[in-house]
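Take a look at the fold below.

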Amino acid sequence: MKEDRQLIVVTHLSQLVTLVLGFGSLLLPLILWLTNKDKIYQMDIQGKRIVNFQLSLIVYCLICVPLTLLCGLGLIGFIVLGIVSIVFPIINAVKANNGEIPTYPFSLNFIS
């Protein structure tokens, strides 16, 4: 296995593709992780964390929908999720570039 920090950083930042295309924040990191998990050192660990984070965001968005319809609290949830989905990939890309193993907060463990 070779070490390729740049590809890991790109994998973290690929979550932001939704800002440009409107979709793909789960699909692009998933493809990068699945194609490189056996080739790049630490790609398997970090790829799982990225995919778990994206799946968790989807679950939290689904929870916000009925909260919006019932009492309007889901709007606050959507705003918080939007900020978190932009800020943490950037923070974790910087951490990955420095050789640290980043973590995502409130991430459910779908893939272990």
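The side chain of Asn-52 reaches the backbone nitrogen of Ile-111 at 2.8 Å. That is a polar contact, meaning a pair of N or O atoms within 3.5 Å; within protein, one must be able to donate a hydrogen and the other to accept it, and residues adjacent in sequence count only if both atoms are side-chain atoms. This is a predicted model, in which local features need pLDDT of at least 70, side-chain atom pairs count only at pLDDT 80 or more, and totals for chains, interfaces and linings use all residues. Residues are numbered from 1 along each chain as its sequence is written, and side-chain values use heavy atoms, with hydrogens and water left out.

Stay with Asn-52. It is found in helix α4. Helices here are DSSP runs of H or I with at least four residues, strands are runs of E with at least two, and both are numbered from the N terminus. Asn-52 is buried, with a relative accessible area of 5%. Buried means under 20% relative accessible area, exposed over 50%, and partly exposed in between, using a 1.4 Å probe and protein chains only. Leaving aside neighbours within four places in sequence, Asn-52 is in contact with Ser-107, Leu-108, Asn-109, Phe-110 and Ile-111. Contact means heavy atoms within 4.5 Å.

Now follow α4 itself. The helix runs over residues 43–71, 29 residues in all. At 1.5 Å a residue it should span 42 Å, and its end C-alpha atoms are 41 Å apart, which agrees. The expected span is 1.5 Å times one less than the number of residues. Among the buried residues of α4 are Met-43, Gly-47, Val-51, Phe-53, Leu-57 and Cys-64. What covers the buried residues of α4 includes α1 (5–13), α3 (27–36) and α5 (73–97).

What flanks this helix? Gln-42 lies in the loop between α3 and α4. Its phi is positive, near 70 degrees, and it is not a glycine. Most residues other than glycine have a negative phi. After α4 comes Gly-72, whose phi is also positive, near 80 degrees. Phe-106, in the segment after α5, is another non-glycine residue with a positive phi, about 55 degrees. Phe-106 is exposed, with a relative accessible area of 69%.

The largest nonpolar core has ten residues: Leu-7, Ile-8, Val-9, Leu-32, Trp-33, Ile-40, Met-43, Val-51, Ala-93 and Ala-96. A nonpolar core is a set of buried Ala, Val, Leu, Ile, Met, Phe, Trp, Tyr and Cys residues joined through side-chain atoms within 4.5 Å. α1, α3, α4 and α5 each supply at least two residues of this core. The largest share, three residues, comes from α1. Trp-33 touches Met-43, Asp-44, Gly-47, Lys-48, Val-51 and Ile-111, not counting residues up to four places away in sequence. A second, separate core of seven residues includes Phe-53, Leu-57, Leu-81 and Val-84.

Finally, step back to the whole chain. There are five helices and zero strands. The radius of gyration is 15 Å, close to the 13 Å that the globule rule gives for 112 residues, so the chain is as compact as a globular protein of that length. This radius is taken over C-alpha atoms, and the rule is 2.2 Å times the number of residues to the power 0.38. Buried residues make up 32% of the 112 residues.
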